[in-house]
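Keep the viewer open and follow along.

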Amino acid sequence: MATPPIQFDRASGALEGANLWERTAALALVTGSKISSHFFHRGYNGCANLLRKTLPERNIAIRLNEDATFEFPYGDGYWSKLLDRSYHYEDELELLFRHSVDVDYTLLDCGANYGYWSVLVTSKPFGAHKAIAFEPSSENFAKLANNAKVNGSRFETLKCAIGAAKGTARLSGTKHEAFSIAGGTVGGEEVPVMALDDLLAEGRIAPGGKYLIKLDVEGVEIDAIKGGTKLLAGDSVIICEEHGNDPDHTVSRYILDQTPLQLIVYDPRSNRLETVTELSILDRIKVSSHIGYNVFGTSSAFWQERIAALNASAGRRMQ
């Protein structure tokens, strides 16, 4: 019988079900997060994963809010920063999701990993929205499916990658947060691939719906955009990663130059989602080479108006 997970409540800081060494490790993980936050958590993942080797194999269940629980292996380098209650994961996404509580949209969580955003967006404080979570890795998918189950099976899970067209690909990588089908790898797990527009063609989603599409697809963002032409012509926002180590801003350049989408980026100086007409703003925003920065693309007048309203409310809060 599996050992029950450790329980941690982000709101209260209560840690339950942990032995003395696991509590000591939690203190180390929190301290490491706070210290490394001053240099964009550089080195944190590696140190946490080393610490994890000294811990018993069991999960930790993080209570993100009163209606959202997120489980992952205790000591995991990528997700253990959530033990630090001052840490916020992808602020710019939370900004948009929280401002869209009253919108009837569906989240398409592509490259969902363990399902963090699907868990949150389907929770009551975020509007209890529908979500479909896509994850190609068998290892990751098992943890994603577990998080769906832990949260009452309230979001759908599909084991596949997102690309330009339906087919198969080989998955590569050693870090669960960075598995990729980019590069035509010979070895690795063979995984199915589908295009965003296949969701419309197969009737999985409605053509007239509103969609927030998170593309965390590790190097195949442009292929995924090419495969979603019809979907992106409607009331959709695509959210994808610009890596800090890419001085050419390849994904943003493609959105700006090769698609009808309006390119939007989060500017931490103004706490606003700024419309981008030329890419020099990214030279200023992308200050760390080892992390990703989310950019947004939409041709939807509805979502453009919502983002304008979000910016107006952000401006009032800063006054």
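## Aromatic pairs

Rings of Phe, Tyr and Trp (its six-membered ring) count as a pair if their centres lie within 6.5 Å; planes under 30 degrees apart are stacked, over 60 edge-to-face, and the rest tilted. By that rule, the structure holds 13 aromatic pairs. Trp-79 and Tyr-116 are stacked, at 5.4 Å centre to centre with 20° between the planes. This pair links distant parts of the chain, 37 residues apart: Trp-79 belongs to the loop between β4 (68–73) and α3 (91–99), and Tyr-116 to helix α4 (residues 116–121). Helices (H or I, at least four residues) and strands (E, at least two) are DSSP runs, numbered from the N terminus. Trp-79 is buried at a relative accessible area of 3%, and Tyr-116 is buried at 5%. Here buried means under 20% relative accessible area, exposed over 50%, and partly exposed in between (1.4 Å probe, protein chains only).

Tyr-105 and Trp-303 form an edge-to-face pair, 6.2 Å centre to centre and 70° between the planes. The two are 198 residues apart, with Tyr-105 in strand β5 (residues 105–110) and Trp-303 in helix α11 (residues 301–318). Tyr-105 counts as buried at 1% relative accessibility, and Trp-303 is buried at 0%.

## A ring cluster and charges over rings

Ring pairs also build a cluster, whose members include Phe-70, Tyr-78, Trp-79, Tyr-116 and Trp-117. The charged end of Lys-81 sits over the ring of Tyr-78, 5.4 Å from its centre. Such a charge is NZ of Lys or CZ of Arg within 6 Å of the ring centre and within 35 degrees of the ring normal. Lys-210 likewise has its charged end over the ring of Phe-302, 4.7 Å from the centre.

## The eight-stranded sheet

Eight strands make an open sheet with mixed pairing, in the order β7-β6-β5-β11-β12-β15-β13-β14. Its edge strands, β7 (156–158) and β14 (272–276), each pair on one side only; two strands pair if DSSP finds at least two bridges between them. Within the sheet, β5 pairs with strand β11 (residues 210–215) in the parallel sense over six bridges, and Thr-106 stands opposite Tyr-211 in β11.

Strands β13 and β14 run antiparallel and are joined by five bridges, with Val-265 opposite Glu-274 in β14. They form a hairpin with four residues between them, and Asn-271 in the turn has a positive phi of about 55°.

## Salt bridges

A salt bridge is a side-chain nitrogen of Lys or Arg within 4 Å of a carboxyl oxygen of Asp or Glu; the whole structure has 17 of them. Asp-84 bridges to Lys-34, with the closest N and O atoms 3.0 Å apart. The partners are 50 residues apart, Asp-84 in the loop between β4 and α3 and Lys-34 in helix α1 (residues 20–36). Asp-84 counts as buried at 2% relative accessibility, whereas Lys-34 is partly exposed at 40%.

Asp-216 and Lys-214 form another salt bridge, at 3.6 Å between the closest N and O atoms. Shared partners join Glu-156, Lys-166, Glu-202 and Arg-204 into one network of salt bridges.

## About the model

This is a predicted model: local features need pLDDT of at least 70 and side-chain atom pairs count only at pLDDT 80 or more, while totals for chains, interfaces and linings use all residues. Residues are numbered from 1 along each chain as its sequence is written, and side-chain values use heavy atoms, with hydrogens and water left out.
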